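Subject: Handing over a structure

Dear colleague,

After it I describe what was found, beginning with a term that the description relies on.

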Amino acid sequence: MSFTQKTRTLTHEGALAVLNAALKRASETQAPQCIAVVDTGANLLAFVRMDQAKLVSIDSAIAKAITAATSGKATGQGSAEQEIKMAVVTRGRVTNIRGGVPLLVEGVVVGGIGVGSGTLDQDVDCAEAGAAALI
């Protein structure tokens with residue numbers, strides 16, 4: 001029996017590559033965003049609030065990144081009932097709001113990106129562009 005396992009760790013350079021790709025997409029679509037990148041331990045590695053991005057989206061972007069990293073799935077796929085329970089149980093650190101995408105390297109989750117401040121479709125588009133930087 002093994003008591004350890006091999007893991008992959010997202011570096012700050014990887015986090016910055018994801019952040020920069022998402023920033024580029026947000027600029028292209030002229031949708032100022034809050035963009036958060038976390039590792040699998042929900043540790044914030046990179047964050048930016050673009051000029052004119054909504055202040056209230058800071059926390060939601062981080063929660064989206066944490067949710068995607070810890071669940072290994074994009075956010076926004078659960079029911080409204082699950083959404084409320086998740087928020088209450090985690091004191092708002094986990095969310096079901098669209099805009100969070102897991103970061104994958106060779107099929108292994110290494111973190112998550114969360115984007116907020118645009119429309120939900122813009123948030124998802126920007127998050128997916130950031131995640132694509134690791135492919």
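A residue is called buried when its relative accessible area is under 20%, exposed when it is over 50%, and partly exposed in between, with a 1.4 Å probe and only the protein chains taken into account. Please keep in mind that this is a predicted model, in which local features need pLDDT of at least 70 and side-chain atom pairs count only at pLDDT 80 or more, while totals for chains, interfaces and linings use all residues. Residues are numbered from 1 along each chain as its sequence is written, and side-chain values use heavy atoms, with hydrogens and water left out.

Salt bridges

The structure holds seven salt bridges, a salt bridge being a side-chain nitrogen of Lys or Arg within 4 Å of a carboxyl oxygen of Asp or Glu. One of them pairs Arg8 with Glu106, whose closest N and O atoms are 2.5 Å apart. This pair links distant parts of the chain, since Arg8 belongs to the segment before helix H1 (12-28) and Glu106 to the loop between strand S3 (100-105) and strand S4 (108-116), 98 residues apart. Helices (H or I, at least four residues) and strands (E, at least two) are DSSP runs, numbered from the N terminus. Arg8 is partly exposed, at a relative accessible area of 38%, whereas Glu106 is exposed, at 67%.

Within helix H1, Arg25 and Glu28 lie three residues apart, about one turn of the helix, and they form a salt bridge with closest N and O atoms 3.2 Å apart. Both count as partly exposed, Arg25 at 28% relative accessibility and Glu28 at 47%.

The side chains of Arg98 and Asp121 also meet in a salt bridge, at 2.7 Å from N to O. Arg98 lies in the loop between H3 and S3 and Asp121 in helix H4 (residues 120-131), so the pair ties together parts that are 23 residues apart in sequence. Arg98 is partly exposed, with a relative accessible area of 30%, while Asp121 counts as exposed at 55%. Salt bridges that share partners also join Lys24, Arg25, Glu28 and Asp125 into one network.

Backbone angles

Ser117 is not a glycine either, and its phi is positive at about 135°; Ser117 sits in the loop between S4 and H4 and counts as buried at 10% relative accessibility.

The largest pocket

By class, the lining has two nonpolar, nine polar and one charged residues, where Ala, Val, Leu, Ile, Met, Phe, Trp, Tyr, Cys and Pro count as nonpolar, Asp, Glu, Lys and Arg as charged, and the others, Gly among them, as polar.

With kind regards
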